[in-house]
Amino acid sequence: MTTNNDMHIITIVTRNSLRVLQRISGLFSRYSVNIDQMSIFSGQDGLSYFSVIVYSDDHSVQKLTNQLNKIVEVCDVRIVNHKHF
Amino acid sequence: MKITGAQAIIESLLAEGVDLVFGYPGGAILPTYDALFESKERIRHVLVRHEQGAAIAAEGYAKSSGRTGVCIATSGPGATNLVTGIADAMLDSVPLVCITGQVASSLIGTDAFQEADIVGITIPITKWNIQVSRAEDIPNAIAKAFYYAKDGRPGPVLVDITKDAQAGMMEFTEYAKYVPRGKKSTQHKHSDMQFIEIADLLNNAKRPLILAGNGVGIANAEEELVKLAEKATIPVACTLHGLHSFPSNHEYFVGLLGMHGNYAPNILTNEADVILAIGMRFDDRVTGNLARYAKQAKIIHVDIDFAEINKNVRSHMHVQADAKYAISHILRFVQSNNHKEWHHRFKHLHDQEYEQVIKAELSHKGDMIRMPQAMDLVSRKTKGEAIVVPDVGQNQMVAMRYYKFQKPKSHISSGGLGTMGFALPAAIGAKMANPDREVICVAGDGGIQMNIQELGVILQEKLPVKILLLNNNYLGMVRQWQEMFYEERYSFVDLVSPDFVALANAYGIKARKVTSPDELEEAVDEMLASKEAYFLEVVVEKREKVFPMIPAGSAVDEIRLS
Ligand SMILES: Cc1ncc(C[n+]2csc(CCOP(=O)(O)OP(=O)(O)O)c2C)c(N)n1
């Protein structure tokens, strides 16, 4: 299944809310995308900025981000593939 | 004006146009029940017998009316009892607002009596949920709940409200419906160019096929779909939830897709050159083996949920939009066409299925009744105009195969989750939303007993729901799989049931049991003529199997007639 496990950095911007981390991390585990590193920064603007590093194939990461985008509190999701560095 | 949080819940519901809720009281929701008592004249509350019944009744109400269903439960076990219904609504895109009581905010996290983290529990099965612990936050939370239940692809939301928030006082001014700021759009802007390209594909297709799903009915796009099919002479096949969105007596209707669907549309999915999939999500029960699904076809996928695009099946073109919008725009550019030979292929395969399966079932003469004979009778006697609410299993497959739906919002079924016990409470919800339509609950002897307690609602509310029990004395669908794939090792599918007629009578419901084919018609007539609730138990052939069937793991064109 996960043949080409490339590094992807997923950046997520959400409105700050108590349960949003649980909703986000639940999707990662449901789609079997293992989190390698994650950092969260809460801005003064009421927004939270997530940066998540995963090793997974493009298709799984794409499916996951499509679902992340549906979370009501999520304002933006981007995938940065290591190839683009 | 100062009011309590509980009163604010009621005012908010009223402001959202709610006049009916399904629920069950308990400690942590007592303040809200006190407020409901005061507002009895304005909001009808239906007391279910189990919270699962409340969630599913609210689904039946929502699916059959297009409005948002509302259910209320207490904390802890009340809330966890809603879970199956919420998961069902999530998979079938049903707009549902669940309001749960929660222990007082000072007790949260202390393992207090009847404390359950229902917000945590329901995260994966809700579109959105929230816990509210201050009275003044209630109206806004409820406004958001109603907004998100319906926004884009509908689904369930949950608002968990602590007891102190319900009891607390707040200043209630005017209720403001939720309008999101900087909204993520669920509907992208589309250019005419995109629809012209889609129409081009359809115009040049030799063997085009439309697959209609749940999204057609949710968007009320039934008329547009008929227009599109007629203008471009394209055959229309439906998914389980698409079934009531295209009249089954229409000459372009080619039947039901999927595991127990019709022969022709399954086989010809793998011959079509262009497939227009509208508001459907290529569920595994529809596609069978994905590696051999419609590989030859150019697929155009219309869905409001972007996450469905390329999820299971790669599309050549897609439109992220609701079905009504997309179909009306495609309609502008399609040309009339002639696909006589292609339509003839469907007819030819249908005739084969008719001879080998349908006619064989319906004309069978034996001493036992067969499920299809009962459903066919009900279909003809109601002219396909009733609301039919099947349960799960063989009865469900037979109901949708043999009931000839003519009207939208008439096939209320648990498709995604396949929840046994769905039919009875969902039929109750559907009847409340449609008091003037005939509502028929169809169930097996297994499923009826999963929420049988809801007969109490029929008794208390005097609801003229008709119940057709197709009793094969088995967990029939599981038995079928054990016969076909587990060497007839019938592991725990044999059930001893109570006297259903006596049981229904105990709830004050008229009931009758038929065993002989000669009595069937007269009994169905009696059931349909009844002005009150009626429970008809039809004892059917014990060891029937539902065909056609695509065995799990097989391709759609490997569908078997026997
Ligand atoms: C809640 C739940 N439990 C188990 C199942 C698995 N299941 C699917 S069909 C079926 C048998 C249903 O038997 P019955 O209600 O008698 O209907 P029949 O198939 O005989 O028409 C079972 C157990 C299910 N779908 N839902």
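A: Helix α1 of chain A is followed by A:S32, a residue with a positive phi, near 55°. Helices here are DSSP runs of H or I with at least four residues, strands are runs of E with at least two, and both are numbered from the N terminus. The model is a predicted one, in which local features need pLDDT of at least 70 and side-chain atom pairs count only at pLDDT 80 or more, while totals for chains, interfaces and linings use all residues; side-chain values use heavy atoms, with hydrogens and water left out. Residues are numbered from 1 along each chain as its sequence is written, and chains are lettered from A and ligands numbered from 1 in the order in which they are written.

Helix α1 of chain A covers residues 20-30, and its buried residues are A:V20, A:R23, A:I24, A:L27 and A:F28. Buried means under 20% relative accessible area, exposed over 50% and partly exposed in between, with a 1.4 Å probe and protein chains only. Seen down the axis of α1(A), these buried residues fall within an arc of 140°, so they line one face of the helix. The arc is that of the directions from the helix axis to the C-beta atoms. On the other side of α1(A), A:S29 and A:R30 are exposed.

What do the buried residues of α1(A) pack against? In chain A, they pack against β1 (6-15), β2 (35-42), β3 (47-56) and α2 (58-68). From chain B, β6 (128-132) joins these elements. Contact here means heavy atoms within 4.5 Å.

Now for the chain around the helix. Chain A has two helices and four strands, and along the sequence they follow the pattern β-α-β-β-α-β. The radius of gyration of chain A is 12 Å, close to the 12 Å that the globule rule gives for 85 residues, so chain A is as compact as a globular protein of that length. This radius is taken over C-alpha atoms, and the globule rule is 2.2 Å times the number of residues to the power 0.38. The C-alpha atoms of chain A fill a box of roughly 40 × 25 × 20 Å along the principal axes.

Of the 85 residues of chain A, 41% count as buried. Among contacts in chain A with a separation of 6 or more, 70% are between residues 24 or more positions apart.
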